[in-house]
Every structure is written in structure tokens, then in C-alpha cells.
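Let's take a walk through a protein model together. Have a look at the sequence and the 3D view, then read on.

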Amino acid sequence: QVQLVESGGGLVQPGGSLGLSCAASGSIRSINAMGWYRQVPGKERERVAYITNAGSTNYATSVKGRFTISRDNAKNTVYLQMNSLKPEDTAVYYCNADIIQAYGLVGVDYWGRGTQVTVSS
């Protein structure tokens, strides 16, 4: 069974920084793209950033220049460094990964349970 476990959420003041991490564990052959999404009550989940297994990245316009996504393939872990945080960044942040299991042939989407990020003074 594959699991994604996020960590690093919390409360931060506007203008502050916070780092998230997400580790994948279980019977994993390889991981394709990994990404971070966020959701606030009453709104659809939106993609914040993703990174391919080759290291190519893509960011939502709202976070470009402030957030940085990275990954450690040896640790099956993806990170999100968030700087210059704004109140509108407040959301539950979810980790996502396209994972090929040990005996699988195609990637399957997995999600973490989410971690709350609150930006408030």
C-alpha cells in the first residue's frame, strides 16, 4: 500500500515563510510527477505547483516567485518552500503524486490527507 504523508503546516504571519514536505512510502517502483494543491472551504482544489521526475517545475500564477517546489527522488519526498506568505494563501495543502507501484505498469494518483496552512496576524 502506498501512502503520502505531509508535514510542516501551521500558523505564520503575513510576509513569513513556511516549508512543507511530503514523503511517499510503500511498494513503489517509481514516481512520476509530484505536486502540491490547496483548497479552501467552498472552493475547488487548485494546483499550486508540480515537479516532474526530471525536475521540471510549474507554478500557479498566484504563487510564482514566492513558492519553490523541489524533490528528493532518493527519499521519495517533495517539498514546498513558501515565502512572502499572504492571508490568501491560507488553505489546506495537499500533496499529490503519480506513482507506479512495485508490480504495476502505469502510474496511479495518490493524495495525502492535507495539512493546514494559516497566514494571519
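Is Ser84 buried, partly exposed or exposed? Ser84 is partly exposed, with a relative accessible area of 40%. For these words, buried means under 20% relative accessible area, exposed means over 50%, and partly exposed is in between (1.4 Å probe, protein chains only).

## Before we start

This is a predicted model, so local features need pLDDT of at least 70 and side-chain atom pairs count only at pLDDT 80 or more, while totals for chains, interfaces and linings use all residues. Residues are numbered from 1 along each chain as its sequence is written, and side-chain values use heavy atoms, with hydrogens and water left out.

Helices (H or I, at least four residues) and strands (E, at least two) are DSSP runs, numbered from the N terminus.

## An open sheet

Let's begin with the strands. Four of them make an open sheet, in the order E1-E3-E8-E7, with antiparallel pairing. Strand E1 (3-7) and E7 are the edge strands, each with a single partner, so one side of each has no neighbour in the sheet. From one strand to the next, the twist averages 15° (axes are lines fitted to C-alpha atoms, for helices over the stretch in contact, and angles run from 0 to 180 degrees between N-to-C directions).

Two strands count as paired if DSSP finds at least two bridges between them. E1 and strand E3 (residues 18-25) have five bridges in the antiparallel sense, and Leu4 has Ala24 in E3 as its bridge partner.

Now find strand E11 (residues 115-119).

E11 pairs with strand E2 (residues 10-12) in the parallel sense over three bridges, and Val12 stands opposite Val119 in E11. With strand E9 (residues 91-101), E11 pairs in the antiparallel sense over three bridges; there, Ala91 has Val117 as its bridge partner.

## A network of charges

Side chains of opposite charge can pair when their charged atoms come close. A salt bridge is a side-chain nitrogen of Lys or Arg within 4 Å of a carboxyl oxygen of Asp or Glu, and by this rule the count comes to three. Arg38, Glu46, Arg66 and Asp89 are linked in a network of salt bridges.

Start with Glu46 and Arg38, whose side chains meet at 2.6 Å, N to O. Glu46 is partly exposed at 34% relative accessibility, but Arg38 is buried at 6%. Arg38 also forms a salt bridge with Asp89, with the closest N and O atoms 2.9 Å apart. Arg38 lies in strand E4 (residues 28-39) and Asp89 in the loop between E8 and E9, so the pair ties together parts that are 51 residues apart in sequence. Asp89 then meets Arg66 in a salt bridge of 2.8 Å, N to O. That pair links distant parts of the chain, as Arg66 is in the loop between strand E6 (57-59) and E7, 23 residues from Asp89.

How buried is Asp89? Its relative accessible area is 1%, so Asp89 counts as buried. A polar atom of the Asp89 side chain also lies 2.8 Å from the backbone nitrogen of Lys86.

## A buried arginine without a salt bridge

Compare that with Arg71, in strand E7 (residues 67-72). Arg71 is buried yet has no salt bridge; the nearest side chain of opposite charge, Asp72, is 8.2 Å away (Lys and Arg count as positive and Asp and Glu as negative; His and the chain ends are not counted).

What does the side chain of Arg71 reach at 3.1 Å? The backbone oxygen of Thr52. The side chains of Arg71 and Asn73 are also joined by a polar contact of 2.6 Å (a pair of N or O atoms within 3.5 Å; within protein, one must be able to donate a hydrogen and the other to accept it, and residues adjacent in sequence count only if both atoms are side-chain atoms).
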